[in-house]
Amino acid sequence: MFCSEQTPLVYFKEVDEIGLDEALGMHRRFWNHGTAPILVLVSPERVHVYSGMSRPEPPEGSVGRARCLVDTLERAADKLERFLVAVESGAYFREHEASFDADSRVDRDLLDNLSNAREVLREDVEGEEAKDRLDALLCRLVFACYLFDREVIDDRYLTDLGIEDCAHLRDVLGIRPLGSAKAALYRLFRRLGKDFNGDLFSDDLEEEERHVRETDVLTLYEFFHGTDVRTHQGRFWPYDFGYIPVETISAIYERFLEGDGKREGAFYTARFLAEIVLNTALEGERELIGKKFLDPACGSGIFLVGFFNRLAWEWTQSHPQAPNERRAEALIGLLQDSVYGVEKSRVACRIAAFSLYLAYLDQLSPRDIQGLQRNGPDLPRLVGEPGQGARGPDVRRGNIVCADFFAVDSSSFENFDFVVGNPPWERVGKNALAAKWCANGAKVMPGWQIATAFVWKAVEHAQENAPICFVLPHGTLFNHGNMALEFQRAWFKEHRVERILNLTDLRFFLFRDAIHPAIVVRYRNCAPDREKGVVEYWAPKVSWATTKAEVVSVGPADRTTLAVTDVISDLETLDAPQVWNRHFWATGRDQRLLDRLKMLPRLRDHVRHPRENDGSKRWVVAEGFQPLGDNDDASRAKRLELPSRRFINARSEAIDLFLRPDDCTLLPSSVFMARRSPDTAIFLAPHVLVTQGFKRIAFSDFDVSFRHAVRGIHGPDTDRELLIFLACYLRSKLARYFTFHTSSNWGVYRPKVHVDELLRVPFPLPEQLDDSRQGTRIVEEVREIVEASYEEAEKSFLSRENTIEAANERIEPLVNAYFGIHPSDEMLIADTIGVVAPSAQPRPEQRSAVSLVTGTAAEAASYAERLCATLNQWAAPSGNEVRGSCTISGSLGVGVAILQKARLDEGKGSLRVGQDLVRVLRRIRDALAVDGGSLSALREVMVFEGDKLYLLKPAARIHWTATAALNDADALATTLLFSKTR
């Protein structure tokens, strides 16, 4: 097995020969297992590569090339080495993209088909109770299918029940007439209930049997025979529940719960996300036996299953020779004494129990299960209800408590060693239990977001110093409202936050139909060390390995260690929160430029809000009006009289540098009722219009009205020239660069800039500059350019776009000169605006993201030139110079820069990397003594070999920009390049 970042990528299987039927059979089992994207069959002569994301095909009668076969390789060491490098870098998935379709993975394929069957079963069914019965039926059917596929039960089991000529659940559903099939099915369920007990068969099966229709049995027959239940078109049945991991089944049912709305605000926890969270929570823990684990919003139990599997593995490793009965007894003990959950949905509780039953049985062989089965019921009851104690609700029975977490008394459900989960992400009302709990405990609950209430209450159930790890909406840390900041300050002051995993760039790969980006936070039930404490901040970016293999790589550039005191100080500043944005996309050079810009006066020093009484601020800013909607309370409406009937829509492309009267439409009246009444001064000329998305900005020399998606900045006529300059500046790359790195949404959620964030941008007046005369001249020149462009556009509407583009080219360098932007700063700005910002948070269908596009040969050459030029600025006084060359391999997904230090008086020799990067990788591994051949161990390393330095980098374009060259030069100069011989 070949892994990267603790994630399996390739399974190898040696075979004597590769026959088609045998290969398809192995591929089907591998696909059902679903833990890796690639299966490699190695024969004495050839190597065959199969996709684990290609739906299986029937072995019988198959001829020719299998659809799941991706590639055939020669059995040579260098070929396999190149293959593994390409797989780990993600280049292999890019090259063979058609063979790796995420929608064809076993979890999504089974989910889609189960969902279709569920929807058909629910047609014409009314009432939640009746629908819940169908969900329970589907769970039991999957459980029964699992037992048959694992060969725990077989045809003899059915014969003992009087069900003849049947060897599998599919055969039982195929009995005709349908009434007989239904009767046989429930005979099987009653026997399984006696043999396995548990919560899965605790229903009134007689009552359920009366409600199940014969048409339901037909739908189930079609599903379990591979037929599309909607089109009735027959297909091959690809699933084998003997191989599908329990975590996959649990994740599928988690999606059921989400889609049914039973867990409002909950998001489907993908299996690989659950693994990331558990690895984060349990990192550094050597022993889990004897520890208690709680998921306070357990859903279908995916985290409970993951923790139980780790417990079972640890026990088995410690007791390899334990007899069957002892192992089973110990595992039941772990199940009952170590794994706990809370969930208010009864259906979800039962699915969680079902998932844990499968996880338990998965640890035993079929023969072991049959032996235990003869001794009586084997599965314990896991689902409990909260009782009423002297102090209120407490836990009376069961590991999985069917209750609202905020109704569970911590005194009866406490001292957990780990608290882990994905709490709901939703706004609740002030009468919700969570809101009342926070109010009673004086806990801040910003925006009535229930996830923040889970953050507080989890602590009451955890032991002192116990780790708590949650998947949370990004706004938990990125929101900038007063209540949000109060929550963040209290959280970091009262608890030891150890790691924040910012998954916002992976937003569309974590959740299907994702709405909000996610973060993972690990913190402890203890106070932080305010002087020496640190927070690890990891911000991985999407890669091809993420899109296809669900590998989340966290490279050195994505890891930052922040001092707790700096985080708290940041949260107490006027610009808070900034730390999470600034360390997301900004490099070291970006950080220094942002610090310089933050030292300048801000736009807020000259602009006031309408309710702000500060006579020193000559300008006012506000959002446009909000008309009264059909569902609004008319008694609270405000009468609004606009200064002009002229109106501009926020989506109008005419909001571009300047606005003309002809660009506007006329409102039927200047007086109407609005939800709120803004300061109408913002509609008066001269003013600057800025859309929410910071995409359209223009100066207007006439009165014009707009809605709340546009912000207006108005000033006196005497400041007309400055307002023109402000409009040009806000449109500039510099202003967009600053807001991209400092706003709470852009680059993290969606391109939106709040009013307060707009006012954060640096904006010194000419008299506040070191060279005020130059500043005044620049403001005048910019005004002249805009006025000339306006006149040109008046003459010809068709030339407007070209006129504005020409004006931009003249204005940009003037803005940079006004703010003292150096040429090297311009490179940082250009890369952020032109490369990084447009490709943040790519969607699965998007191929143009900076983290997915391979750097070109021209970009590699430019990188090498910039890197050497920067280093040589420092090296020249020493009489040395640096020479370099780079090459990028798209097929391998890596690139190498080679640098050599030479005397200035030496001849200009040719320095080339060469095309055989595999050989270079071997040399780097030898120099570092790295075992195992994993590329992750070599990512972004610098290695000396004689008088040469090798710099290994991923092939993605973001690593070969001018910004990358400048930052790599800084790192080389300060750590390695001019050190003494090693």
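Buried means under 20% relative accessible area, exposed over 50% and partly exposed in between, with a 1.4 Å probe and protein chains only. By that rule cysteine 166 is buried, with a relative accessible area of 7%.

This is a predicted model, in which local features need pLDDT of at least 70 and side-chain atom pairs count only at pLDDT 80 or more, while totals for chains, interfaces and linings use all residues. Residues are numbered from 1 along each chain as its sequence is written, and side-chain values use heavy atoms, with hydrogens and water left out.

**Confidence**

pLDDT is the predictor's confidence in each residue, from 0 to 100. The protein chain has an average pLDDT of 88, and 91% of the residues score at least 70. Helices (H or I, at least four residues) and strands (E, at least two) are DSSP runs numbered from the N terminus. The pLDDT is below 50 over residues 261-266, a stretch with 21 contacts in the model beyond near neighbours in sequence; contact means heavy atoms within 4.5 Å. Residues 930-938 also stay under 50, and the model has 23 contacts for them beyond four places in sequence. Where pLDDT is low, the predicted coordinates should not be read in detail.

**Cysteines**

A disulfide is taken as a pair of cysteine sulfur atoms within 2.5 Å. A search of the whole structure finds 0 disulfides. The cysteine sulfur closest to that of cysteine 166 is in cysteine 145, 14 Å away, which is too far for a bond. For cysteine 298 the closest cysteine sulfur belongs to cysteine 349, at 5.6 Å, again too far for a bond. Cysteine 298 is buried, with a relative accessible area of 2%.

**Aromatic rings**

Rings of Phe, Tyr and Trp (its six-membered ring) pair if their centres lie within 6.5 Å; planes under 30 degrees apart count as stacked, over 60 as edge-to-face and the rest as tilted. The structure holds 41 aromatic pairs. Two of the edge-to-face pairs are listed below.

| Pair | Centre to centre | Angle between planes |
|---|---|---|
| Phenylalanine 223 and phenylalanine 224 | 4.8 Å | 80° |
| Tryptophan 237 and tyrosine 239 | 4.9 Å | 85° |

In the pair of phenylalanines, phenylalanine 223 is buried at 4% relative accessibility and phenylalanine 224 at 0%. Tryptophan 237 is buried with a relative accessible area of 7%, and tyrosine 239 is buried at 2%. One aromatic cluster is formed by Trp456, Phe487, Trp491, Phe492, Tyr523, Tyr537 and Trp580.

A charge sits over a ring if NZ of Lys or CZ of Arg is within 6 Å of the ring centre and within 35 degrees of the ring normal. Arginine 176 lies over the face of tyrosine 221, 4.7 Å from the ring centre. Lysine 292 lies over the face of phenylalanine 416, at 4.6 Å from the ring centre.

**Two helices**

The expected span of a helix is 1.5 Å times one less than its number of residues. Helix α2 (residues 77-89) has 13 residues and reaches 18 Å from its first C-alpha to its last, close to the 18 Å expected. Its buried residues are Glu81, Phe83, Val85, Ala86, Val87, Glu88 and Ser89. The buried residues in α14 include Asn324, Arg327, Leu331, Leu334 and Ser338.

Isoleucine 697 lies in strand β27 (residues 697-700) and is buried at 3% relative accessibility. Leaving aside residues up to four places away in sequence, isoleucine 697 touches residues including Ile655, Leu657, Val688, Val690, Ala727 and Leu730.

Most residues other than glycine have a negative phi, and most peptide bonds are trans. Leucine 657, found in strand β23 (residues 657-658), has a positive phi near 75° and is buried with a relative accessible area of 1%. Histidine 232 has a positive phi near 65° and is placed in the loop between α10 (214-224) and α11 (246-260).

The peptide bond from alanine 576 to proline 577 is cis, with omega near -10°; proline 577 is in the loop between α23 (564-571) and α24 (579-582). The bond from alanine 685 to proline 686 is also cis, with omega near -5°, and proline 686 lies in the loop between β25 (671-676) and β26 (687-691).
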